[in-house]
Amino acid sequence: MSSEVYDCIVIGAGIQGSCTAYQLAKNQQKTLLLEQFVLPHSRGSSHGQTRIIRKAYEENVYIQMMQESYELWAQLEEEAGVELYRRTGLLVMGPENSEGFSRLQATMQSHKIPRVVLEKQEFRQHIPNVNLTDGNGALIDTNAGVLYADRALRAVQRLFQSSEGVIKDGEKVIDITPGAVVTVTTGSGVYRGRSLVITAGPWANRLLTHTGLQLPLKVVKINVCYWKEKIPGTYSVSQRFPCFIQMEPKEGEYDIYGLPSNEYPGLMKVCYHMGSETEPDERDKQTDRGDIDILMRYITRCLPGLVPVPAVVETCMYTVTPDHHFVLDSHPTYGNIIIGAGFSGHGFKFGPIIGKVLSQLALGQVPSHDLSPFGIKRFQSHARSSL
Ligand SMILES: Cc1cc2nc3c(=O)[nH]c(=O)nc-3n(C[C@H](O)[C@H](O)[C@H](O)COP(=O)(O)OP(=O)(O)OC[C@H]3O[C@@H](n4cnc5c(N)ncnc54)[C@H](O)[C@@H]3O)c2cc1C
Ligand SMILES: O=C(O)[C@@H]1CCCC=N1
């Protein structure tokens, strides 16, 4: 074991761990970022070319965090000298009188989020090639858009390294010994840190076992589907087609979302916001395609310019909490172990602000956003000790 003691060790170089490590290094903290796979990799939740960024949320707390997250993304673009965000707007469609769609409109209005409400008669003129479901309303979050995910992840990791941060990839953490100085053992070394941040995505519970804690997290495999445009360009970024979210496509179903064709020319990404449970290391064994059947029916009904059979299917994973809200908290027993987990399929856009609040927790500071909705205490009946 080296005698070196880091100010902080971060486990997991997805978007949340990389952003946290960068914030710490920027604050002159000697920081080590450990990643089990050789970087870059496509076996967690942060890979792929694009993600949606938006302020269209039903909950105040997310809108408040997104106000700052947009600023931090712009700062990152400047520091890295690369384009990370492209404004496309986001079309949200949902059952007009549903609780979710009404709450979304009310929250956006109370925060004065720039938006355009589309009346039924004008919908087709603004959004050709989409059939609005009967009884659905529609609005556009005008500043929403696309984040270039792979590029963003690489940019943050590069900035971290230029701030004297150390990345050790291809090093799987196999043990954690809590204490005033935490000891972290990987397959090839033993490291010590005054604080530890666990941002291990789908593997969070595996690592938390070493700290005597288990969270109610469900890991699901997402089939990331790309659909061929019958006429190339119909739904493309260059035709100013927006990202979209279809809330509650049918009663009891999860949202469907899409991004304009761009990364694969002629192919539009449309996905179902849920998947089937999997073990993170065995995701390829999960072959359920129920989500694809739902997407095929939706595309036939509402996106008639797409061939309703996926042309490409890739894999990604969500780590889902029972209420679909994040976990951003200190460990209940060990105050110097910080946990960022359960991003429930919507965490990428928050990367920079999550990095900031997790780094504040690691530094023993009061976080600059109210993290009470993200506390571990809310799972009191679920969270169990694994000791
Ligand atoms: C298909 C799909 C679409 C999405 N769309 C959107 C969207 O449009 N907008 C949005 O905001 N969000 C979206 N998300 C969600 C977002 O991508 C995730 O919330 C986010 O990437 C989670 O990041 P993470 O850092 O927590 O996890 P990960 O990216 O999985 O990072 C965890 C890292 O920890 C490492 N690790 C685990 N265990 C160990 C160990 N023992 N030792 C060392 N390293 C370890 C893993 O290898 C991994 O690299 C989407 C997700 C998916 C899958
Ligand atoms: O987080 C997002 O914006 C996307 C779209 C809605 C469902 C999940 N991810």
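Modeller: A salt bridge is a side-chain nitrogen of Lys or Arg within 4 Å of a carboxyl oxygen of Asp or Glu. The model is predicted, so local features need pLDDT of at least 70 and side-chain atom pairs count only at pLDDT 80 or more, whereas totals for chains, interfaces and linings use all residues. Residues are numbered from 1 along each chain as its sequence is written, chains are lettered from A and ligands numbered from 1 in the order in which they are written, and side-chain values use heavy atoms, with hydrogens and water left out.

Biologist: What makes Glu-99 and Arg-103 a salt bridge?

Modeller: The closest N and O atoms of Glu-99 and Arg-103 are 3.1 Å apart, and the criterion asks for within 4 Å, so the pair qualifies. Both residues lie in helix α3, four residues apart, about one turn of the helix. Helices here are DSSP runs (H or I, at least four residues), strands are runs of E of at least two, and both are numbered from the N terminus.

Biologist: Why is Glu-99 called exposed?

Modeller: Its relative accessibility is 62%. Exposed means over 50% relative accessible area, buried under 20% and partly exposed in between (1.4 Å probe, protein chains only), so the label follows.

Biologist: How do you know that Glu-58, Glu-99 and Arg-103 form one network?

Modeller: Salt bridges that share partners join these residues. Arg-103 also forms a salt bridge with Glu-58, the closest N and O atoms being 2.7 Å apart. Arg-103 lies in helix α3 (residues 99-110) and Glu-58 in the loop between β3 (50-53) and α2, so this pair ties together parts 45 residues apart in sequence. Arg-103, at 38% relative accessibility, counts as partly exposed, as does Glu-58 with 21%.

Biologist: How many salt bridges are found in the whole structure, and which residue does Asp-7 pair with?

Modeller: The search finds twelve. In one of them Asp-7 pairs with Arg-194, the closest N and O atoms being 3.0 Å apart. This pair links distant parts of the chain, from strand β1 (residues 5-11) to strand β12 (residues 190-198), 187 residues apart.

Biologist: Why are α2 and α5 called roughly perpendicular?

Modeller: Helix α2 (residues 60-80) and helix α5 (residues 149-162) pack at an angle of about 65°, with their axes 10 Å apart. Axes are lines fitted to C-alpha atoms, for helices over the stretch in contact, and angles run from 0 to 180 degrees between N-to-C directions. Angles of 65 to 115 degrees count as roughly perpendicular, under 35 as roughly parallel, over 145 as roughly antiparallel and the rest as oblique. The two helices are therefore roughly perpendicular to each other.

Biologist: What makes α2 roughly perpendicular to α8?

Modeller: The axes of α2 and helix α8 (residues 351-362) cross at roughly 100° and come within 7 Å. That angle makes α2 roughly perpendicular to α8. The contact (heavy atoms within 4.5 Å) includes Met-65 and Trp-73 of α2 and Pro-352 and Ile-354 of α8.
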